[in-house]
Protein chains: 2
Amino acid sequence: MLLLRAVAGRRLPPLTQLPRGCSRLAAGSATPEGQPGATPGGQPGATPEGQPGATPGGQPGATPGGHRGAAPVLAALLGIGAVLAYGERQRRSAQAAQAPPSPPYPRYTRAEVAQHRTPRDRVWVTYGTDVFDVTEFVELHPGGPDKILLAAGGALEPFWALYAVHSQPHVLELLRDYKVGELSPEDAAVTPGDTADPFAGDPPRHPALRVNSSKPFNAEPPPELLTQSFLTPNELFFTRNHLPVPSVEPGSYRLRVEVPGGRALSLSLAELRRRFPKHEVTATLQCAGNRRSEMSRERPVKGLDWGIGAISTARWGGARLRDVLLAAGFGEKSGATEDWHVCFEGLDTDATGTPYGASIPLKRALSGEAEVLLAYEMNGQELPRDHGFPVRALVPGVVGARSVKWLRSVVVSPSESPSHWQQNDYKGFCPSVDWDSVDFRSAPAIQELPVQSAITEPRPGAAVPAGELTVKGYAWSGGGREVIRVDVSLDGGRTWREAALGPRPERGRGWAWALWELRAAAPAGTRLEIVCKAVDSSYNVQPDSVGGIWNLRGVLSNAWHRVGVTVTP
Amino acid sequence: MLLLRAVAGRRLPPLTQLPRGCSRLAAGSATPEGQPGATPGGQPGATPEGQPGATPGGQPGATPGGHRGAAPVLAALLGIGAVLAYGERQRRSAQAAQAPPSPPYPRYTRAEVAQHRTPRDRVWVTYGTDVFDVTEFVELHPGGPDKILLAAGGALEPFWALYAVHSQPHVLELLRDYKVGELSPEDAAVTPGDTADPFAGDPPRHPALRVNSSKPFNAEPPPELLTQSFLTPNELFFTRNHLPVPSVEPGSYRLRVEVPGGRALSLSLAELRRRFPKHEVTATLQCAGNRRSEMSRERPVKGLDWGIGAISTARWGGARLRDVLLAAGFGEKSGATEDWHVCFEGLDTDATGTPYGASIPLKRALSGEAEVLLAYEMNGQELPRDHGFPVRALVPGVVGARSVKWLRSVVVSPSESPSHWQQNDYKGFCPSVDWDSVDFRSAPAIQELPVQSAITEPRPGAAVPAGELTVKGYAWSGGGREVIRVDVSLDGGRTWREAALGPRPERGRGWAWALWELRAAAPAGTRLEIVCKAVDSSYNVQPDSVGGIWNLRGVLSNAWHRVGVTVTP
C-alpha cells in the first residue's frame, strides 16, 4: 500500500520518454532469476576474495548491466498490462546491453564506496557486504530519486529499516541485479574511538541525518524524509545535544524529585514505570534555532546552521510530571508557589561537571491539560541514547530546550533554572540588539514557540516537470495551538491558495504538527516562487520576512518559507 | 501631577516663537480676575436674553480678546520666573488687543456652535450654557491641541468629566476669559426620539466617540484618547452593538443557567451579586474588526470601517462563570463534556426576535486560570447600558464578540452557539476566498486573538516639530499572552528600536494591553515612516503586511501599523 501510494503521488515519466539507461531495467524476463553465489546480505566470509586490480569507479567492464527484477515492481505499480508492453519493448532494446560482472567480484573498502554518491561518479550503495551500482535505478526509484540518493555512498540498511516497504523479496531480487562488488572483510571491524575524547562514548547515528555539529552532536533529517511520515522515526528525529551523551546504566539510574514542603524522592527507572500510570502524548519538538540558516543569510548570527529540519514528531510515553510532583508531596503545604518553576537537570555535563539545565513554569508542570511527561518511551521504544535514555522531560508545545534529556533531577523552585541555557541563551531580542548591547535579563526565556511552517518538497532550486506540482510541508505552533490553515503561494506571496492538511491522530490536543500538501499546475518553462505560511487556532500568523524578527542568536526564525523552482519546458 | 506630566511630555514652543494670537493669553495680571455675571456652568435661566442680531462667526466685534487667567497655569507648568518674564512681555503687546464682548452676551444655538470646529472657522465650545471661543488657547492646551479640538463645536463637560485635571478653579477662571456668548434657552430641551425606531431607546453617547455606525451603535475612541490612560473610561470604551440596546429593568432581570445533569438556575441580579464571590480582572477587549480600515484599503471587505480604536481596557467585576456553572450542578453527573461549549444569549434581539448569541469552549469557562466572568461592574461602576447592563459575559483574552452583553442565558451544550455570529461571521479565511467561494464551516470561530499593536500618536500625516519625537501606542495579545516587547521603526521597518512599556497593574496575568512609548530624534525636514510591531510571551509576532492576512470579512487585521509624518524644517 505504502509503495503504491508513494508512486501514486509521484508522476512517472511516460514510458516512451524513459532515459536510455533505463533500458536495462526490464531486460530480463518478468520472472526474476537469482544469480547463484551473489546472496544479498550474505556473510563476509562466504564471499570470494577481492580482486587486487579492481579500483573504484574504474574499469568499463565493471559497469553493471542486464539488471533484472524491476518488472514485478512496475507491475505492482502500473498494472500488469502496461508492464508487459513495456517489458517487450525493453527486451528488444536490451539486446545491446552490456553483461554484468560475474563472480568472483571485486573488493572495495567503505571509503571507496563512499566516493560514489552522484550519478556522475556513479551511485553505489552497500547491503550486507555486497556493493551495488544503482545509478540506473535512481530515476526509477518509486520513492523518488532524492530519497535513494540519501543512501548514496553508504549502506542501505539504515534507510530500509525505516521504510518497511523494502522488506519484500522482489526488492532484494531487484537489487541483486545491480551488484558490482563486495566489501573488503576488514571493513566490518569497528574503528576504535579516542578514549580522551569526551564524545567518544556517543552512540552511532543514522547516516541520513544532516550533521550541523558532530561534537556535540547536532543533526536534522533531510527535508524530503521529514514529512515522509507523521511520526518521525527515532533514528531520524532531529538531535540537539549540548554536551556529550552520558552513558547511563539503567539498573542504577535514579531520578531525584524535590518539592517545597514535600519529601525528596529518588526514583529508579522501574519505580517510575511502576508507580505512575503511563501517559502517552503525540508531540512535536522544535529547536529554537530551526531555520536559523535563513536568518543568517539576512545578517550573520551565532548558532548552529539549522535548515528546516530541527523539528520532529514522536509519540511519547511516560509518567505525568504532575503525578510525580504530587507523589513527592506537592500540595497545600508547599505554600504560595503561583510564580514558581520546575527546574530540570540532565546527566550530561561539561568539562567542569556543570550539567545541562532548564526550567518551565510550575503552572504548566501541574496542569493536567499541559501533559508534561517524564518520558521513557519514544514511538513505542525505550528512549534512544541521543534522545535522553533512560528518562527525559517532555514538555509539549514548548521549545525543545526545556525538554531536558538524561534527566537526573526535578526541583520545584521559586526561581527559573540558573543554567546558562535558561538565563543567557534561548531568548529573543529586537533586531537592533547586538552582542555589545544585549542584556539577557531583559527578555523572557523562550517557552511556547510561535507558529511555524516550511516547505519540504520540492527542494530549493529544483527543476520540476511541467504539469501537476505537489508541494509538501509541515506546520506547527507552540502552546497546543493547533494549526488551522496553511496558505501556499506560487508567485512569491501575491496570491494564495489553501493547502490540504493531512490527518492528525489527536485532533484538538494540538501538540503535534500538521503535514500538508498542495497540488497545483506548474506551467512549462516558468519559474515559481513557492511560499508557505500557517495560521494557528489563535489566528496567529507567520511574519512575511526575516528582517523584522532577526535576532543575534538566530532563534525563532518563522518567516514565510520560500522555495524557488524552475519548471522544465 | 497629571497636568504637569502631560505637559512635560509635550514640548512647548519657545516663548519668543509663540504665534501672534497667543499674545492675548497672558494679557492680564498673574492674579486671575473673575468677570461678574459670567459664571461658568451657570443655570440657563440665570443668563440674560440673547441678542437677535448676533450670528455665529459673524461680527468682528464678537472676536474674543484680552483672555486672562492663563498665567497661573503656565506658572505651574514652566516655573514662576519664566511666566513673569513671559507675562511682562505679553502685557506690553496686549495693549493692541481687542476688548472682549461684555454682557448681555449674544445667544447661539448648539447648531450654530457646532459650526465652529476648526481654527479657520474659530473653535467654539460650550460649558453649561456659556459659549467660548478658545481658538487662541488651542495651541496652548497643556494636553495638546488635538485633545481640545475633540470638543470643538460642542460641550466641554463630557471631556472634563473624564479628565479630572480640569476640575480646578483656575481652569474655570481661564475659560471665563474666552466667553463670547450664551446658549439659547430652548437648546436645553431634549429632542424626542422616534418611537417607531428600534434604536430610539439607545442611551446617549459620549461625543468624542467616532461613530462607525449609529444604528446599531458602533463607535471607537479617537486614537489620542485611547492611550491617555491604562483603563479606558467607560464613556470612551469602544462600543460594538449588533442590535438595539435593550432596556433592562434590574429588579426583574433574571439570568438563566443550564448545565447537563444539573438543575436550571434563574438568578436575579441581587442573587448573582450575593451568592458568588466578586472576582475582578483587568482585561482588554478587542473587536475582531479592529483596524479593518487598513485591510479595506488593500481590497474592499465587508464590515464596519474600524480604525485602530476598536480596543479598550477596563477593570471588570462579577461572578466567575466557573462558580455559577458549579452552583448550577455542573460536575461528574454532567458526563463526558470534554469538547462542549458554553452558549451565551443576549437580551438584544433583531426584528424577528432572534437574540445575539455566541459561545466559548467549556474548558475555558471552567478553568480557574481563564477568569471568565459574568460581569456586572466596569471600572468600579455598574455596567453602562452600551456595555451590557446589567450583566455581560466577560471572556479575557478572547475576541469581544464572545463577551455577550445583556446576558439572558448561559447554556452548557455539546455544540457551539447556533448564532449567525458564531457560525457565519467572526472567522478568518485564506486571502483567495471570496463571497462566492466562502464556506464558513471550513474555519473555526475566532476565540483567542493574535498579537496586535498600533500607534496612537502622532497621527497619520501629521507635521511634527523637529527635535525629540514621542511615539505612543498600545499592544496586546489574546489568550493571556502578555506583550513582552514592542519594536518601533522610524524608517519604514528597515531598522528598529525597542519601545518602553508602561506599567501594568497585573504583571503575569496577561489579559490587559501594554501601553508603550518611544522617544527618538526627529531631524528637521525629514519624512518618517513610523512602524510598530509587538511580540507576545509565546514570541508570536505581527505580519509585516496586510496582503497575506487579507480576508473577505476584514477581521484579524494585525499587520505592522504604519504612520507617516513629516518633520517641520
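A polar contact here is a pair of N or O atoms within 3.5 Å; within protein, one must be able to donate a hydrogen and the other to accept it, and residues adjacent in sequence count only if both atoms are side-chain atoms. This is a predicted model, in which local features need pLDDT of at least 70, side-chain atom pairs count only at pLDDT 80 or more, and totals for chains, interfaces and linings use all residues. Residues are numbered from 1 along each chain as its sequence is written, chains are lettered from A and ligands numbered from 1 in the order in which they are written, and side-chain values use heavy atoms, leaving out hydrogens and water.

**View 1. The surroundings of A:Gln542.** Find A:Gln542 in the loop joining strand E26 (527-536) to strand E27 (561-567) of chain A; strands are DSSP runs of E, at least two residues, numbered from the N terminus. Its side chain makes a polar contact with the side chain of A:Ser453 (2.5 Å) and reaches the backbone oxygen of A:Ala559 at 3.3 Å. With 1% relative accessibility, A:Gln542 is buried (under 20% relative accessible area, 1.4 Å probe, protein chains only).

**View 2. B:Pro543 and the rotation axis.** A rotation of 180° with 0.0 Å of shift along its axis superposes chain B on chain A (RMSD 0.1 Å), by least squares on the C-alpha atoms of residues with pLDDT of at least 70 in both. The two copies are thus related as by a two-fold rotation axis. Of the chain B residues, B:Pro543 comes closest to that axis, at 2.0 Å (C-alpha).

**View 3. A:Cys430, a buried cysteine.** Its relative accessibility is 0%. A:Cys430 is in no disulfide (a pair of cysteine sulfur atoms within 2.5 Å), and the nearest cysteine sulfur, that of B:Cys532, is 13 Å away.

Terms used
Buried means under 20% relative accessible area, exposed over 50%, partly exposed in between (1.4 Å probe, protein chains only). Helices (H or I, at least four residues) and strands (E, at least two) are DSSP runs, numbered from the N terminus. Contact means heavy atoms within 4.5 Å. Lists of a residue's contacts leave out its neighbours within four places in sequence.
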